[in-house]
Amino acid sequence: MPEDNANWKAIRAELEARHIELTDRLGRVEEELHSAHSQDFADQASEREQDEVLEGEEVVFEQELAQIEAAIARIDTGTYGECAKCGDDIRPERLAVQPEAPFCISCAS
């Protein structure tokens with residue numbers, strides 16, 4: 001980690017905390033998806049609807065986890081804060097709002 005990016009340590013800790021939170025939430029979603037379903041047909045229909053919502057959450061959590069893991073890898077390799085597309089610096093304001101952002105605002109648009 002370059003010295004001029006000492007705050008990367010704090011950003012990495014924030015990303016790791018979010019990763020732990022999402023991993024926990026994903027585990028609960030997966031547990032709920034694999035739980036036994038009711039024998040009653042009406043209840044089964046309701047449970048299937050709930051499963052669809054949970055499956056959507058599962059996809060979102062998995063995508064965010066992948067973005068966080070990629071950001072942590074960029075911190076570890078010293079490329080954090082550089083746009084993965086054009087190589088320009090990603091504005092600190094953008095990283096403050098979305099620390100896992102791989103692209104500058106121009107390339108993300």
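Colleague: The expected span of a helix is 1.5 Å times one less than its number of residues. How far does H1 reach from its first C-alpha to its last?

Modeller: H1 reaches 36 Å over its 26 residues, close to the 38 Å expected at 1.5 Å a residue. Helices here are DSSP runs (H or I, at least four residues), strands likewise (E, at least two), and both are numbered from the N terminus. Some ground rules: this is a predicted model, where local features need pLDDT of at least 70 and side-chain atom pairs count only at pLDDT 80 or more, while totals for chains, interfaces and linings use all residues. Residues are numbered from 1 along each chain as its sequence is written, and side-chain values use heavy atoms, with hydrogens and water left out.

Colleague: Which residues in H1 are buried?

Modeller: Trp8, Ile11, Leu15, Leu22, Leu26, Val29 and Leu33. Buried means under 20% relative accessible area, exposed means over 50%, and partly exposed is in between (1.4 Å probe, protein chains only).

Colleague: How many residues are in the largest nonpolar core?

Modeller: That core has 21 residues. Ile11, Leu15, Ile75 and Tyr80 have the most contacts inside it. H1 and H2 each supply at least two of its residues. A nonpolar core is a set of buried Ala, Val, Leu, Ile, Met, Phe, Trp, Tyr and Cys residues joined through side-chain atoms within 4.5 Å. In soluble globular proteins, nonpolar side chains tend to be buried together.

Colleague: Stay on Ile11. What is it in contact with, leaving aside neighbours within four places in sequence?

Modeller: Ile75, Tyr80 and Pro99. Contact means heavy atoms within 4.5 Å. Ile11 is buried, at 14% relative accessible area. Its C-alpha is 9.6 Å from that of Ala71, 60 residues apart along the chain.

Colleague: How many aromatic pairs are there?

Modeller: The count is 1. Trp8 and Tyr80 form it, edge-to-face, with 5.6 Å centre to centre and 80 degrees between the planes. Trp8 lies in H1 (residues 8–33) and Tyr80 in the loop between H2 (41–77) and H3 (92–97), so the pair ties together parts 72 residues apart in sequence. Both Trp8 and Tyr80 are buried. The rule: rings of Phe, Tyr and Trp (its six-membered ring) pair if their centres lie within 6.5 Å; planes under 30 degrees apart are stacked, over 60 edge-to-face, the rest tilted.

Colleague: New topic. How many salt bridges does a search of the whole structure find?

Modeller: It finds 7. A salt bridge is a side-chain nitrogen of Lys or Arg within 4 Å of a carboxyl oxygen of Asp or Glu.

Colleague: Which residues does Arg12 bridge to?

Modeller: One is Glu16, with the closest N and O atoms 1.9 Å apart. Arg12 and Glu16 both lie in H1, 4 residues apart, about one turn of the helix. Another is Asp76, at 2.9 Å, N to O. That pair links distant parts of the chain: Arg12 in H1 and Asp76 in H2, 64 residues apart. Asp76 is partly exposed, at 49% relative accessibility.

Colleague: Which residues are linked in a network of salt bridges?

Modeller: Arg18, Glu21, Arg25 and Glu64 are linked that way.

Colleague: And Arg94, buried or exposed?

Modeller: Arg94 is buried, yet has no salt bridge. The nearest side chain of opposite charge is Glu100, 8.5 Å away. For charge, Lys and Arg count as positive and Asp and Glu as negative; His and the chain ends are not counted. Arg94 lies in H3. Beyond its neighbours within four places in sequence, its contacts are Ala101, Phe103, Cys104, Ile105 and Ala108.
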